[in-house]
Amino acid sequence: MNAPLLTIYVDADACPVKDEVYKVARRYRIHVAVVANAALRVPPEALIELVIRPGFGAADDWIAERAGPGAVVVTADIPLAARCLAKEALVLDPKGRLFTDNDIGSALAMRDLMDELRQRGTATAGPAPMTPKDRSRFLSKLDEAVNAVRRLHLPRNDSPGGDNLHSGR
């Protein structure tokens, strides 16, 4: 199943930037699929859909099946990011880092190394807490990602049959 154009998929169970996603979605009138293993609170708006997929990996599988060109995926899950990149989606982590084909391999390798160290009992530090600067960077990068998708996948407003709905004017 192909993703509808201009969809933001949020891997939501531990996502600290859902409010920032909603802000950008409202600005551009973009559909958001908030995907989680259990019920979460989401604003009661037509653009925002809560998708509950219980079970290990079920939420990730649902996102990966639908991600593709015209989608922006927000996740800190590196294997999910790799799956979505392979389907040509734009992928951001909650701190605003854009995953690319050039760096996803090293990110996966680092994740595997850290996992192995934890399994051996080596103490490793978790991710740093979110700061206001991180939120600001994420908001800016999400805005850039949405505009990149819009440029690539929406008809121009001056094309036959085009409208001004997504032109930003």
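Two strands pair if DSSP finds at least two bridges between them, while the strands themselves (E, at least two residues) and the helices (H or I, at least four residues) are DSSP runs, numbered from the N terminus. The legends below concern a predicted model, in which local features need pLDDT of at least 70 and side-chain atom pairs count only at pLDDT 80 or more, whereas totals for chains, interfaces and linings use all residues. Residues are numbered from 1 along each chain as its sequence is written, and side-chain values use heavy atoms, with hydrogens and water left out.

**View 1. The sheet is open and holds six strands in the order 3-2-1-4-5-6.** The pairing within this sheet is mixed, and its edge strands, each of which pairs on one side only, are strand 3 (48-52) and strand 6 (98-99). Strand 1 and strand 2 run parallel and are joined by five bridges. Together with five helices, the protein has six strands, and from the N terminus on its elements follow the order β-α-β-β-α-β-α-β-β-α-α.

**View 2. Thr7 is a residue of strand 1.** Its bridge partner in strand 2 is His31. Thr7 counts as buried because its relative accessibility is 1%, where buried means under 20% relative accessible area, exposed over 50% and partly exposed in between (1.4 Å probe, protein chains only). Leaving aside neighbours within four places in sequence, Thr7 is in contact (heavy atoms within 4.5 Å) with Ile30, His31, Gly70, Ala71 and Val72.

**View 3. Tyr9 and Trp62 form an aromatic pair.** A search of the whole structure finds one such pair; rings of Phe, Tyr and Trp (its six-membered ring) pair if their centres lie within 6.5 Å, and planes under 30 degrees apart count as stacked, over 60 as edge-to-face and the rest as tilted. The rings of Tyr9 and Trp62 are edge-to-face, with 6.0 Å from centre to centre and 70° between the planes. Because Tyr9 lies in strand 1 and Trp62 in helix 2 (residues 58-66), the pair ties together parts that are 53 residues apart in sequence. Both Tyr9 and Trp62 are buried.

**View 4. The largest nonpolar core has 24 residues.** A nonpolar core is a set of buried Ala, Val, Leu, Ile, Met, Phe, Trp, Tyr and Cys residues joined through side-chain atoms within 4.5 Å. Ile8, Val21, Val32 and Leu142 have the most contacts inside this core, to which two or more residues each are given by strand 1 (7-11), helix 1 (18-28), strand 2 (31-36), strand 4 (71-74) and helix 5 (132-153). Apart from this core lies another, of 19 residues, among them Ala67, Ala71, Cys84 and Val91.
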